[in-house]
Amino acid sequence: MTSPPTNLADAARAVLLTSDAAAKARKSRDTAVLWSDGAITTIGVAAPPDRPGRPARPELLAPQDVPRRKINRGTAGRIALLHALSHIELNAVDLAWDIILRFADADLPRAFFDDWVQVAAEEAQHFMLLSDRLTEFGVAYGDLPAHDGLWDAATETRHDLAARLAIVPLVLEARGLDVTPMMIDKLRGVDDDISADILETIYRDEIGHVRIGKRWFVFECARRTQEPESLWRELVSRHFRGELKPPFNIDARNQAEFPEGWYTNLMAGE
């Protein structure tokens, strides 16, 4: 029987190396409990894997080759949407543990690790909710193709904490705040309140995740004595492949304490 990890870095590595999706989500949640209960007390240091463990399925395609999902195209459209979101949430589990493991030796306060363990637990819960909902439709995570674009962001920012915070919570997760309300409305429009309620839960939690990302980005800027807005714009221009796409959910981003001037100015090229 495998002994439980004695420090957070080893625990994070164990989650990352877990290949089975459901087991990864359970281990993420269970590790968060061990941390919050004090069964794991030290941060430690461990080597991050180049890639997380992943199941044999889904088949990973280039982003442009993944079929588009249309909620109003019957049950198949909703299944495609929920599967795509499940894949995003499983990636989010890995991204949360990766930031813990990769920057475990960066002289960060315990509160940093408290926040990202919380994020990891919530992302795992999101995956389980979506996976259970897929089961109710008679399918499973892995039955449809997906893409690997989210982990590309982890690879791109693996050597720089500020870049990781700038791109993952403050671009990718913030984009989720923009598009999720529309998906919720469409699901309610086809009387799928169960799926819509799951997305409502995810949406509320993701506001908190963007807020956490912003908090620690500003913290890291202070350690570097750099101005946060200008550094964020510089890092996004350097590390994000693509453009910031309006419309933005200004209300949700404000709740996350993410100032409008940062991203609207960048979009406008100012």
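Reader: So helices (H or I, at least four residues) and strands (E, at least two) are DSSP runs, numbered from the N terminus. Which loop holds glutamate 257?

Author: Glutamate 257 sits in the loop between H9 and helix H10 (260-268). Its phi is positive, about 65 degrees, although it is not a glycine. Before we go on: this is a predicted model, where local features need pLDDT of at least 70 and side-chain atom pairs count only at pLDDT 80 or more, while totals for chains, interfaces and linings use all residues. Numbering runs from 1 along each chain as its sequence is written, and side-chain values use heavy atoms, with hydrogens and water left out.

Reader: Ok. Which other residue has a positive phi without being a glycine?

Author: Threonine 225, with phi near 50 degrees. It's in the loop between H7 and H8, and it is exposed, at 73% relative accessible area. Buried means under 20% on that scale, exposed over 50%, and partly exposed in between (1.4 Å probe, protein chains only). As background, most residues other than glycine have a negative phi, and most peptide bonds are trans.

Reader: Where are the cis peptide bonds, then?

Author: One runs from arginine 57 to proline 58, with omega near 20 degrees. Proline 58 is in the loop between helix H2 (21-37) and strand E1 (60-61). Another runs from proline 246 to proline 247, with omega near 5 degrees, and proline 247 lies in the loop between H8 and helix H9 (250-255).

Reader: Switching to the inside. Which residues touch the most other members of the largest nonpolar core?

Author: Trp97, Ile100, Trp116, Phe217 and Trp232, out of 67 residues in that core. Helix H6 (residues 161-189) gives the most to this core, with eleven residues. A nonpolar core here is a set of buried Ala, Val, Leu, Ile, Met, Phe, Trp, Tyr and Cys residues joined through side-chain atoms within 4.5 Å. There is also a second, separate core of 15 residues, including Leu82 and Ile184.

Reader: What does tryptophan 232 contact?

Author: Beyond its neighbours within four places in sequence, tryptophan 232 has contacts (heavy atoms within 4.5 Å) that include Leu170, Phe217, Phe258 and Trp262. Trp232 is among the buried residues of H8, together with Leu231, Arg233 and Leu235.

Reader: How many salt bridges are there?

Author: There are 23, each a side-chain nitrogen of Lys or Arg within 4 Å of a carboxyl oxygen of Asp or Glu. One joins arginine 164 to aspartate 98, 2.8 Å from N to O. That pair links distant parts of the chain, helix H6 and helix H3, 66 residues apart.

Reader: Is that arginine 164 buried or exposed?

Author: Arginine 164 is buried, at 1% relative accessible area. Aspartate 98 is buried too, with 1%.

Reader: And what does arginine 78 pair with?

Author: Aspartate 192, with the closest N and O atoms 3.0 Å apart. Arginine 78 is in helix H3 (residues 74-102) and aspartate 192 in the loop between H6 and helix H7 (193-224), 114 residues apart. Arginine 78 is buried at 15%, and aspartate 192 at 2%.

Reader: How far apart in helix H4 are aspartate 114 and arginine 110?

Author: They're four residues apart in helix H4 (residues 110-136), so about one helical turn separates them. Aspartate 114 is partly exposed at 32%, and arginine 110 is partly exposed at 41%. Elsewhere, salt bridges that share partners join Arg78, Arg133, Glu136 and Asp192 into one network.
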